[in-house]
Amino acid sequence: MKRIYLDHAATTPARPEAIAAMLPLLDAGGYNPSSIHAEGRAARAALDAARNDVARVLGAKPREIVFTGGGSESINLAVLGAARAAAARGRHVVTSVAEHHAVLHAVDMLERDGWEVTRLAVDANGCVPAAEFAAALRPQTTLASLMSANNEIGTVASIAELARIARRAGVVFHTDAVQAAALLPLDVDELGVDLLSISGHKFYGPKGAGALYIRSGTPIEAQIVGGGQEYGRRAGTENVAGIAGMATALVLAQAERAAAAARIGALRDRLEAGICAAVHDVQVNAAGAPRLAGISSIAFAAVSAEQLLICLDLAGIAASAGSACAAGSLEPSHVIAALGLPPAYRAGVIRFSLGQATTSAQIERVLTIIPQIVAHLRRAAVVV
Ligand code: PLP
């Protein structure tokens, strides 16, 4: 029996077109783009082409794109780099409790260095209400960082509205678009953002290649120093092959996005309807909110997510927990905790994330397996 991969939010396999773009830059063409000889200039041409492609997809200028070693690095550069560059103007930043740890741990660092940090609460759908965001901005606020789409529950934020509020207040606005990039529009002018992070391995590109969009005129301090690569904003010889693979994957993902969202969204709806019909005491998180087509976060009452995941894995289904598992205990993740779920549901949250490889036959198979596993676990009373 072939395995069923429902963990596309964790990572996606690189698509053949991305791999084809990378291969020539790994072997015979794998030179340093900063070298002035012909080999180096060829590598530079590949890097420039990738930068032009990413810029075009984002509606940006090529110089506004900085390549990084993935999403976390892009986010670190945005949050730490923009806050530190504006330190003389003010030392207050705003974010939310539901962000990825790449943001949360970066603002923790700023806090240890004397910044004030406001971590806004989210509503039951995982969203930051615009009015609360507006109220949190102060004269000393220099940076706000709010995610475009949540990686655990898939909620899509009203980024254009939030960015407008920040701009009116003269606050630099960063969005973590790592989960959004496969399925949502990324035009930085339509979104109105100053900084935007993406990561290749979430849209069928390679791991370890990402980018940060930096609007012209936005002060940023490099966080990796050394050579003058990336216009002095990120030192280190560029991962030309990875960047080329990422750019290829991004162009294709954005061209296919509407069709992919419709197809994957229909499969996601079928999965949720099937589970809710066959299993009692389940809840789809953020069901009423705008959500990414591929992510379904489902809370099963009186079931341990860890045990459910193990049983699913044994049955050939790869999914992931909506809770952080620590040896012998299950703590609800910071996102699940923020949703205010009833206690019986908190330890039983599973994230199913669908993608390009997901088929209707796979979803039907999952729907025959899950009710059996949940019933078995509940019968055995192996609950946390
Ligand atoms: N932000 C979000 C919303 C994510 O889902 C992830 C990855 O899971 C990241 C940031 C980090 O990206 P990377 O794994 O490329 O460092």
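Predicted model: local features only at pLDDT ≥ 70, side-chain atom pairs only at ≥ 80, totals over all residues.
Residues are numbered from 1 along each chain as its sequence is written, and side-chain values use heavy atoms, with hydrogens and water left out.

**View A. The buried residues of helix α1.** In α1 (residues 16-26), Ala18, Met22 and Leu25 are buried, that is, under 20% relative accessible area (1.4 Å probe, protein chains only). They lie on the same side of α1 because they cover an arc of only 55° around the axis, taken from the directions from the helix axis to the C-beta atoms. An α-helix has 3.6 residues a turn, so residues three or four places apart point the same way.

**View B. The shell around the ligand.** The ligand is surrounded by 13 residues (a heavy atom within 4 Å); the closest are Gly71, Ser72, Asp176, Ser199 and Lys202. Helix α3 (residues 71-85) gives the most to this shell, with three residues. By class, the shell holds three nonpolar, eight polar and two charged residues, with Gly counted as polar.

View C. Polar contacts are pairs of N or O atoms within 3.5 Å. A backbone N or O atom of glycine 71 lies 2.8 Å from a ligand oxygen atom. For glutamine 179, a side-chain N or O atom is 2.8 Å from an oxygen atom of the ligand.

How values were computed: Polar contact = N/O pair within 3.5 Å; in protein donor to acceptor, adjacent residues only side chain to side chain. Helix = DSSP H or I, 4+ residues; strand = E, 2+ residues; numbered from the N terminus. Buried < 20%, exposed > 50% of the residue type's maximum accessible area, 1.4 Å probe, protein only.
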